[in-house]
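Dear colleague,

Please find the structure below, handed over for your use. My findings follow it.

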Amino acid sequence: MSDCGSPAISPAPAGIVMRWLRRLCAAALALAFFAPLTVLAEKPPRRVVSMNVCTDQLAMLLAAPGQLLSVSFLASDPGSSALAAQAPRYRPNHGLAEEIFLMEPDLVITGTYTTQVAVSMLERLGFRVEKFAFETSFDDVRKNIRRMGALLGQEQRADDMVETLDAGLQQLAANAVAELTVATYASNSYTTGRNSLSEAVIEAAGLSNLGSEVGIEGSGRLPLEVLVLAMPQIVTSDTPTYDAPALAQENFVHPAYQAVLERARTASVPAANWICGGPFNLVAAQILHDAAHAVAAQREPTDK
Amino acid sequence: MRRLPYIVLLALLTLLVAVTFVLSLLIGPSDLGMIDSFHALFSTETSIGSMVMYEIRLPRAVLGLMIGITLGLSGAVLQGFLRNPLAEPGILGISSAAALGAVLALYTGLSALFPLALPLAGLAGAFVAVLLIRAMAGANGGTLTLILAGVAVSAFAGAMSTLVLNLSPNPFAAMEILFWMLGSLTDRSMTHVWLAGPFMIVGWIMLASLARPLDTLTLGPDAAATMGINVGRLQALAVFGTAASVGAAVSVTGAIGFVGLVVPHVLRPLVGSIPSRLLPASALGGAAVLLTSDILVRVIAPGRDLKLGVLTAMVGAPFFLWLVYRSRRNEL
C-alpha cells in the first residue's frame, strides 16, 4: 500500500476532515486497484460459441461450467477431437452464420481459416469474434492456451495447463532415444514436414521427422517409393476407419507399404491427439517416445 | 514423299514403346539412380531397391503399356467399325460408363469383399454404354447422332459417379471424382495388373480378330455382308472386345481421354488407311503416348499427383478442334 493513509497525528479539530480525506483516499485506492480488473474481468463472456475443432477443445478444457454454449460438430468426432466424449454436453454447430446468430453468443471463437464467409458475416453483424491461428510449434500452443484463458477469464487454469504441458515435455526430453526417424503416413500418402504441429510433437518425443528430412513444408505428399527407400524405424499409423472405402486409403494396402510395416515399428497415434494443440499432444508424444524405446530395446541384443 | 514401309513403321513404334517403357521404370520421385534401378530390377535378392522397382514402378509401367494398347486399339476399332472419325471410348461415353461401374463396385465396398467385382463392374458399365451407343447410332450412324449419344451417356455417367462419391460417408470420396474423370497411374500395384490385365488381353484378342473384317467393312455393311462377313458376329466382337478391355482399364486407372482419338488419326495416313494395318500400329502408338504422358506427369509436377487426363487432353483437345474444323470444311 502507499502512504496515502498515513496515521492521523493531527489533533481533534482536524479529525473530521482527516476521516473524510482518509475515506476518499481508500475509495480512490480501491478504484485504482480494481479498475483495470473490472474492465478485463468484470464480464467474462457467458455465452461462448466455438466454431473450430481446435478452439472447441481448448474452450472445453478452460471454460467455467455453463460458460461455453456450443462447439462445432467435429468436436464430437473421435477421429478429429481428443475430447469427443465431452463434446455432446454442448450444443453442436456446423459453422453456419444463421445458427450461430440465433445462439446469441457474446463471444465467438474460431480458427483463422474456419468457414470464413460465415465468420465475416458474424463480424459484420457486430458479434465479437476472436480468431485463433493453428499451431505449428509448442510456443504457439502455449500462446493459444493463454489467450483462450484470458478471453474466458480463466487465466489461472490456462497457466496451470501450460505448466502441465511443459512438465510433460521436459520429462519426455529427459530420456529420449537419439537418431531414430519416424514417418507420418496418412490417407492419399500425405505426410507432415517442417513447420507443423506433428513435427513439434515428433521432436518432443526425441525423434526426427522423415517429412522434413525430404524437404516437405507443412504437409504434402510423401511418394510411396520415397518412404520405402528411406525406410524409417517408426511409422505412425492412424488408418482411418470410415464407413465406406475410398481410393485415398488404398495406399495402406499397397504391397510396398505393407513391406514397410513389416520392417518398421508402427506407432498408433490417434490423429485427434496431434491435429490440434493442447495438453493431449503429450499423449501423442508419449506413444512415439514408447515406440522409440521399443526400437532401441530390440536393437541392443543385435548390437552385442 | 514416300510412305515408310509398314514393317519399318511397326519397328519404330515398337522401339518407341520400349524406350518409353524403360524410361518409365527409371523415373520416380526418389533419387534411386539409373544404374541402381537396373541393378535392382535384375538382381535376384530382395533389396529395398528391388521392392521399389517391382512393387511401385513396374506395375505403373506395365499398366501404362497395357492401357495405352487398350485405348489405341479400341479407338482404331471403333472408328473403323462405326465408320466414324470421332469414335473413341472417351468421347462416346464408354469410359465414363465404365468408371461409373467401377465407382459403384468400389465405394459400396463390394470390391473389398470380392476383388474381381471391380473390373467386372467396369466391364458391365462399358458394355451398357457400347450397346446404347450402337442402338442410338443405328446401322449407318452419322457423326452427329453418335457424338450426341456419347455426350449424353458421358454426362449421365459422370453425374451418377459424382452422386455416388458425394453420398459416400468417406470424406475423401468426393475428391476422387478427379481420379475417375482424368485417370492416374500413381501408386497402382501388381494387384491392379492382375485384376485388369486378363480382361484387357481377352479384349485385345477379340478386337485384333476384327482386323480383316474391318478391311471389308470399309466397302459398306451391305457389300461386306455379300462378301461373306458375318456383320452380327463382327458387332458382337467389337462390343465385347471394347467393353472388356476399356472396362477393365478404366476400373483400375480411371478414364483417360483422347488417346483413342488422336493415335489412330495420326497413324492412319502412315498405314494407307487400311484397318488391318492400323490396328497393330495404333495399339503400339497408344502405348507410346500413354507411357510418355505418364512420364511427363512425373517430370512436370513431381509430388503433385497430376492426373494423366490433363496431359492427354492438353494434346488431344486442340487436335479434336482441328478434326471438327476439318470435317466442317469437308461438309461445305
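At what angle do helix H1 (residues 6–26) of chain B and helix H3 (residues 48–81) of chain B pack? The angle is about 150 degrees, and the two axes lie 9 Å apart. Axes here are lines fitted to C-alpha atoms, for helices over the stretch in contact, and angles run from 0 to 180 degrees between N-to-C directions. Helices (H or I, at least four residues) and strands (E, at least two) are DSSP runs, numbered from the N terminus.

This is a predicted model, in which local features need pLDDT of at least 70 and side-chain atom pairs count only at pLDDT 80 or more, while totals for chains, interfaces and linings use all residues. Residues are numbered from 1 along each chain as its sequence is written, chains are lettered from A and ligands numbered from 1 in the order in which they are written, and side-chain values use heavy atoms, with hydrogens and water left out.

Helix packing in chain B

H1(B) and H3(B) are therefore roughly antiparallel to each other; angles under 35 degrees count as roughly parallel, over 145 as roughly antiparallel, 65 to 115 as roughly perpendicular and the rest as oblique. Their crossing is right-handed, a crossing being left-handed if the near helix is turned anticlockwise from the far one by less than a right angle, and right-handed if clockwise. In contact (heavy atoms within 4.5 Å) are residues including Val17(B) and Phe21(B) of H1(B) and Met53(B) and Arg57(B) of H3(B). The residues of this contact of H1(B) with H3(B) comprise 9 nonpolar, 1 polar and 1 charged. In this count Ala, Val, Leu, Ile, Met, Phe, Trp, Tyr, Cys and Pro are nonpolar, Asp, Glu, Lys and Arg charged, and the others, Gly among them, polar.

Helix H4 (residues 94–107) of chain B meets two further helices. With helix H12 (residues 231–253) of chain B, its axis comes within 8 Å and crosses at roughly 60 degrees. That makes H4(B) oblique to H12(B), and the crossing is right-handed. The contact of H4(B) with H12(B) divides into 6 nonpolar, 4 polar and no charged residues. With helix H6 (residues 117–137) of chain B, the axis of H4(B) comes within 7 Å and crosses at roughly 145 degrees, again in a right-handed crossing. Here the residues are 12 nonpolar, 3 polar and no charged. Ile94(B), Ala98(B) and Ala102(B) are among the H4(B) residues that meet H12(B) and among those that meet H6(B).

The interface of chains A and B

Chain A contributes 25 residues to the contact and chain B 32. Together the chains bury about 2400 Å², 68% of it on carbon and sulfur atoms; buried area is the accessible area (1.4 Å probe) that two parts lose on being put together, summed over both. Arg221(A), Glu225(A) and Leu247(A) supply 27% of the area that chain A buries against chain B, more than any other three residues.

The interface holds 3 salt bridges, each a side-chain nitrogen of Lys or Arg within 4 Å of a carboxyl oxygen of Asp or Glu. The side chains of Arg188(B) and Glu250(A) form a salt bridge at 2.8 Å, N to O. Glu250(A) sits in the loop between strand S10 (234–236) and helix H10 (255–263) of chain A. Leaving aside neighbours within four places in sequence, Glu250(A) contacts Leu106(B), Arg188(B) and His192(B).

Yours sincerely
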